[in-house]
Amino acid sequence: MYLHIGQNEIIPDRRIIGIFDLDKCSYSKRTRDYLTAAEQEGVVLDVSGELPKSFVVCRRDGRTTVYISQISTA
């Protein structure tokens, strides 16, 4: 199965580690630190196009990618 996360980005569900709500998770210092480190490493891709609602952590070939997306965690 595949998940469309925005802006023509489609991910196989077997690659998805987790989908996290930005509003709820951004209160945690650990989450903010994780997202900051991922951005500094250059593994964050913004596919939201507008106001982001979530971030999707994916793994492929031993590499982690973080997508900023409009999809709802619900």
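**Fold, surface and a few telling residues**

Buried residues (under 20% relative accessible area, with exposed meaning over 50% and partly exposed in between, for a 1.4 Å probe and protein chains only) make up 34% of the 74 residues in the chain. The model is a predicted one, so local features need pLDDT of at least 70 and side-chain atom pairs count only at pLDDT 80 or more, while totals for chains, interfaces and linings use all residues. Residues are numbered from 1 along each chain as its sequence is written, and side-chain values use heavy atoms, with hydrogens and water left out.

Now for the overall layout. The chain has two helices and six strands; helices are DSSP runs of H or I with at least four residues, strands are runs of E with at least two, and numbering starts at the N terminus. Followed along the sequence, these elements give the pattern β-β-β-α-α-β-β-β. The C-alpha trace spans about 35 × 25 × 20 Å along its principal axes. The radius of gyration, taken over C-alpha atoms, can be set against a globule rule of 2.2 Å times the number of residues to the power 0.38. For 74 residues, a compact globule would come out near 11 Å, and the chain's 12 Å agrees with that.

What about contacts and surface? Counting contacts (heavy atoms within 4.5 Å) with a separation of 6 or more, 46% are between residues 24 or more positions apart. The accessible surface, from the Shrake-Rupley method with a 1.4 Å probe and with only the protein chains shown counting as cover for residues, comes to about 5300 Å², and carbon and sulfur atoms hold 49% of that. On the charge side, there are 10 positive and 10 negative side chains, with the centres of the two sets 6 Å apart. Here Lys and Arg count as positive and Asp and Glu as negative, leaving out His and the chain ends; each charge is placed at NZ of Lys, CZ of Arg, CG of Asp or CD of Glu.

Beyond its neighbours within four places in sequence, Ser69 is in contact with Ile5, Val47, Ser48, Pro52, Lys53, Ser54 and Val56. Its side chain also reaches the backbone nitrogen of Ile71 at 3.1 Å, a polar contact (N or O atoms within 3.5 Å; within protein, one must be able to donate a hydrogen and the other to accept it, and residues adjacent in sequence count only if both atoms are side-chain atoms).

A polar atom of the Ser72 side chain lies 3.2 Å from the backbone nitrogen of Ala74. Ser72 and Ile5 are 67 residues apart in sequence, yet their C-alpha atoms are 9.6 Å apart in space.

The loop between β1 (2-6) and β2 (9-12) holds Gln7, and Asn8 lies in that loop too. Most residues other than glycine have a negative phi. Gln7, though, has a positive phi near 45°, and Asn8 has one of about 60°. Gln7 counts as exposed at 51% relative accessibility, and Asn8 is exposed at 73%.

Lastly, Asp61 is in the loop between β5 (54-60) and β6, exposed at 75% relative accessibility. Asp61 and Arg15 are 46 residues apart in sequence and 9.5 Å apart in space, C-alpha to C-alpha.
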